[in-house]
Amino acid sequence: MKAHAGPPQMGAVNEMERAQPANDRHPLPREGGRGDGRHWLDEPKNVKLLWRLFLAVLAATVLAELGIALHPHFEVEALFGLHAWYGFLACAAMILVAKGLGLLLKRPDTYYEADGDE
Amino acid sequence: MSEWLVHPGLLLILGAFALPWLRGGARSVAVLALPLLALFCLWHLPEGARWQVAWLGYELAPLNVDKLSRLFATIFALMACGGGLFALRQQSRLEIPAAYVYAGSAIGVALASDLVTVFVFWELMAVGSTLVLWSAGTKTAWVASRRYVMIHLLGGVVLFAGVTGHLLDTGDAAFVRMAPDSVAHWLILVGFLINAGAPPLSAWLPDAYPEASWSGTVFLSAFTTKTAVYVLLRGFPGTEFLIWIGLFMVFYGIVYALLENDMRRILAYSIVNQVGFMIAGIGIGTEMALNGAAAHAFTHIIYKALLLMSAGAVLAATGRRKCSELGGLFHSMPITTICGTIGALAISSFPLTSGFVSKSMVTQAAIDGHLLSVWLALAAASAGVFLHAGIKFPWFVFFQKDSGLRPGDPPASMRWAMIGFAFLCIALGVWPEPLYRLLPYAVDYVPYTAAHVLTQLQLLLFSGLAFFVMLPWLKRTPTITLDVDWLWRVPLPALARAAAGGFRRRRESAAARAETLAGRLSAGIRRHREPDGLLLRSWPTGSMALWVMTMLLAWLLLYYLP
């Protein structure tokens with residue numbers, strides 16, 4: 001969303017990290033490939049349109065439950081829109097757990113290099 | 001000789017040794033033809049044991065075809081072919097031969113129906129995969145391969161102990177269904193699980209796989225874990241605690257992938273996640289669940305290879321692997337973007353992709369078995385797959401902020417490998433019957449019902465909503481997340497160094513003490529044996545006669561005493 005609107009940013013390239021190209025004699029094309037012009041996805045108004053479309057599809061999948069028999073097996077499945085809100089909440093919970101775990105276990109990605117590691 | 005060549009695995013292994021001698025077009029043809037030839041041999045083998053070998057009094061059957069082994073051998077050969085095509089331009093001349101030894105050994109495990117042959121090919125796989133890692137030629141790959149081989153040798157020792165125990169207990173080498181009821185069977189199960197990426201040693205996988213070359217990871221993703229799934233399917237179906245192991249792997253994979261910044265390590269964590277679904281299915285153990293686990297292994301190999309191919313194409317073109325340095329590549333890599341997105345949809349089990357027709361059988365088995373908690377966990381995990389692999393991977397690599405990079409799509413060999421596997425992902429999803437016919441049990445399952453499609457769409461699309469709503473929380477940072485490999489990368493080496501230092505000090509002080517002791521001992525000996533020492537002194541004859549007379553008198557006295 002916001003990401004598209006932002007100015008192009010160049011990440012820092014660490015030459016040490018560059019992997020081997022495919023072949024020295026037949027190097028893969030690096031720069032100057034196709035698509036140097038603006039893509040339709042770069043237009044904020046198109047992205048906004050996509051968002052609206054996405055929300056409409058979301059609403060449609062929930063409302064479709066009114067017309068389609070779901071044959072619930074477990075009792076919880078009979079709740080309206082279970083898969084929708086369960087999916088959303090499960091993902092939110094997993095992101096929160098990941099965030100919490102990250103507080104404990106995140107380290108700079110030079111962590112093992114700094115240690116000498118072998 | 002021709003009799004030996006009908007073994008598709010040996011064919012691939014022996015063929016791999018011929019590859020380094022070939023150049024140019026002949027090499028390309030051989031790379032593509034070898035797996036296809038293996039596939040041809042495989043499908044012309046009738047079911048049943050073909051070779052019988054007596055070894056140390058045990059009956060071995062190294063080549064035995066049934067539906068399950070044919071399914072896995074087929075996907076291994078297909079994978080070798082697709083990976084070979086993708087890797088044609090790989091500079092390293094070691095990588096493809098090593099990968100073919102690796103793939104051939106995986107086929108060897110799938111076709112073996114005795115534990116001894118399984119073990120031999122199992123170890124050969126460890127050798128092949130380590131060589132694939134080495135062929136990347138970087139320092140990080142070298143140190144990662146040392147940790148990788150350490151874990152796999154450990155797993156091999158455990159498996160060997162288990163197999164030996166099983167041979168002694170039963171006197172039979174046949175690879176049949178087992179239960180964790182004896183020490184030997186537990187050891188076998190643990191050996192299998194280590195290769196499956198199960199806890200607590202699961203970190204070997206995301207540690208090592210992303211360090212391989214842009215094509216090497218594609219091979220690595222396919223064989224080791226899925227061979228482990230195969231042997232668990234055959235050896236330990238219905239072992240209940242596998243359900244919980246599987247569910248742990250599923251969520252472990254999601255959480256770590258959410259935190260990860262390296263695009264290929266995200267996909268490596270998602271291998272653990274996907275194998276978790278299969279292992280949970282094996283634990284449920286009904287025909288539906290086992291079919292689901294086998295089918296999921298089949299489709300997983302294809303879409304995971306496809307995802308790693310698209311990541312490999314990005315790595316080869318840009319030399320970057322961190323999400324925080326990528327983005328906006330859809331501008332100039334449309335084919336890679338589309339293929340990667342198809343793989344991402346397939347791993348998320350989107351309707352009309354291969355994941356939808358395979359993973360839902362495991363979920364269905366949980367429903368059929370009235371396992372509510374398992375079903376809820378699997379549903380949450382399915383949503384989580386879309387979150388960490390289905391959207392996160394393509395979003396951060398191909399879309400998000402524009403990194404300004406404009407590399408083109410990769411060369412034809414890599415493009416066609418991706419297009420072929422993307423086609424398979426869609427084709428199996430639209431037309432699952434051929435896959436269902438290959439499964440070990442008869443399939444009584446219809447994936448495409450209105451209710452199933454609708455609930456799956458709800459689950460996935462709302463998981464997508466969660467991703468975009470919580471995007472600021474998922475912003476990539478240049479960090480890693482410590483995993484259990486920390487244990488054998490930091491404290492254990494430190495402990496070993498400290499122990500070695502302490503050992504050296506103690507050895508030095510012990511040596512010093514031994515020296516003084518030896519000095520004192522030799523001084524004592526010298527004192528007694530010197531020319532005038534106690535033992536070497538000359539004695540006068542008179543004193544000898546006096547002592548003899550004294551003893552005789554004493555004897556006489558004692559004799560007459562009552």
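This is a predicted model: local features need pLDDT of at least 70, side-chain atom pairs count only at pLDDT 80 or more; totals for chains, interfaces and linings use all residues.
Local features require pLDDT of at least 70 and side-chain atom pairs pLDDT 80 or more, whereas totals for chains, interfaces and linings use all residues. Residues are numbered from 1 along each chain as written, chains are lettered from A in the order written, and side-chain values use heavy atoms, without hydrogens and water.

**Between chains**
- B:Lys322 and A:Asp109 form a salt bridge at 3.1 Å, N to O.
- The pair joins two chains, because B:Lys322 lies in the loop between helices H13 and H14 of chain B and A:Asp109 in the loop between strand S1 and helix H4 of chain A (helices, H or I, at least four residues, and strands, E, at least two, are DSSP runs numbered from the N terminus).

**Network within chain B**
- B:Arg147 and B:Asp207 form a salt bridge, with the closest N and O atoms 2.7 Å apart.
- This pair links helix H7 with helix H9, 60 residues apart.
- B:Arg147 is buried at 6% relative accessible area (buried is under 20%, exposed over 50%, partly exposed in between; 1.4 Å probe, protein chains only).
- Within helix H20, B:Arg489 and B:Asp485 are four residues apart, about one turn.
- Salt bridges with shared partners join B:Arg147, B:Asp207, B:Asp485 and B:Arg489 into one network.

**B:Ser348**
- B:Ser348 occupies the loop between helices H14 and H15 of chain B and is buried, at 0%.
- Beyond four places in sequence, its contacts (heavy atoms within 4.5 Å) include B:Lys359, B:Phe386 and B:Leu460.

Terms used
A salt bridge is a side-chain nitrogen of Lys or Arg within 4 Å of a carboxyl oxygen of Asp or Glu.
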